[in-house]
Amino acid sequence: MLEEVERWLQARSWSAADRPLEQLLAAKAAQGAARPQTVSVVLPALNEEATVGEIVATIRRDLMSPAVPLVDELVVIDSGSTDHTAKAAAEAGARVVHRDEILPRVPAVPGKGEVLWRSLLVTTGDIVCFVDADLKEFDASFVSGIVGPLLTDPGVDFVKATYDRPLDGATGQGGRVTELMARPLLNLHWPRLAGFVQPLGGEYAARRSLLERLPFPVGYGVELGLLIDSLHTVGLDALAQVDVGVRVHRHQDGQALGRMAAAIYRTAQLRLSRGHLIRPALTQFERIGTAFVPRTHPVDTEERPPMREIAEYAERQAA
């Protein structure tokens, strides 16, 4: 590991317990009533009726009460759910916006990154915190932990959550795609990012002033793309990570992980060369009866431009 990264690990890796809620509220209040920093929490959701309501309820109860006004805005972006995700989120107290209602002149494409990119147009917080909607046993420290450094340290612009990810009862640090694809890519090509425990984690917070300057891969590559582009935009010292404990969520099957890995590799390849793949597709095999049947899936290759280049966003900021 680079000496620079070893120093960064000591200076920019914290635990959620390092900044108790009282300290965060005091930091927010100290900014003055005229222009305190506001915090938006965004949950991208697709068929998450089983978990989204509890996450929303926990954030509202623990971080949006009159006694603890840490979060100013809580928005669930529904990316086309066919279950009762929107109803569960709204009943728990979130503002729910459908992906297709945001920037309708640009047809939406499937993908998590697409939803996160569009969320910048329907939120107003100076700090934007993204949280996956499939988390179980959710704790509010997932939000307060990663928002904390942004409220207390003006030199920090981007914060990732770190955690253990149990799989089949066994403890572990990174997910399978992280260990087999993302971590090798970062260590080999972006070694300054080798200190991130969960580079693909879906829980992270950043200043809007940074996010609006970054392109967003529309699919699974969004976390890797934002991390790499943040490094090049603001430098390693402006990036940080916070340990929030244990992350419990549903796990994808092997074929879904393969598609995720292909999209992540494509995101990295674009940033290495800004070239194009001869065939941006992935063929996998599924046993049906006595035969292996090939299934070919497109690899996410599209990226959305920095939000500040979108006319509607610029008009809203100017208003």
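Because the model is predicted, local features need pLDDT of at least 70 and side-chain atom pairs count only at pLDDT 80 or more, while totals for chains, interfaces and linings use all residues.

**First stop: the largest core.** Select Ile77, Phe158, Val177, Leu193, Phe216, Leu239 and Ile264, the residues with the most contacts inside the largest nonpolar core, which has 48 residues. (Such a core is a set of buried Ala, Val, Leu, Ile, Met, Phe, Trp, Tyr and Cys residues joined through side-chain atoms within 4.5 Å; buried means under 20% relative accessible area, with a 1.4 Å probe and protein chains only.) Among the elements that each supply at least two residues are strand 3 (73-78), helix 7 (176-189) and helix 10 (254-273). Helix 9 gives the largest share, 6 residues. Helices here are DSSP runs of H or I with at least four residues, and strands are E runs of at least two, numbered from the N terminus.

**Next: a second core.** Now pick Leu24, Val52, Ile55 and Val76, which belong to a separate core of 42 residues.

**Last stop: Ser81.** Look in the loop between strand 3 and helix 4 (85-92). Is Ser81 buried or exposed? Ser81 counts as buried because its relative accessibility is 17%. Show the side chain of Asp78 too: a polar contact (N or O atoms within 3.5 Å, one able to donate a hydrogen and the other to accept it) of 2.7 Å joins it to the Ser81 side chain. A polar atom of the Ser81 side chain also lies 2.8 Å from the backbone nitrogen of Asn47.

Note on methods. Residues numbered from 1 in each chain as written. Heavy atoms only, no water. Buried < 20%, exposed > 50% of the residue type's maximum accessible area, 1.4 Å probe, protein only.
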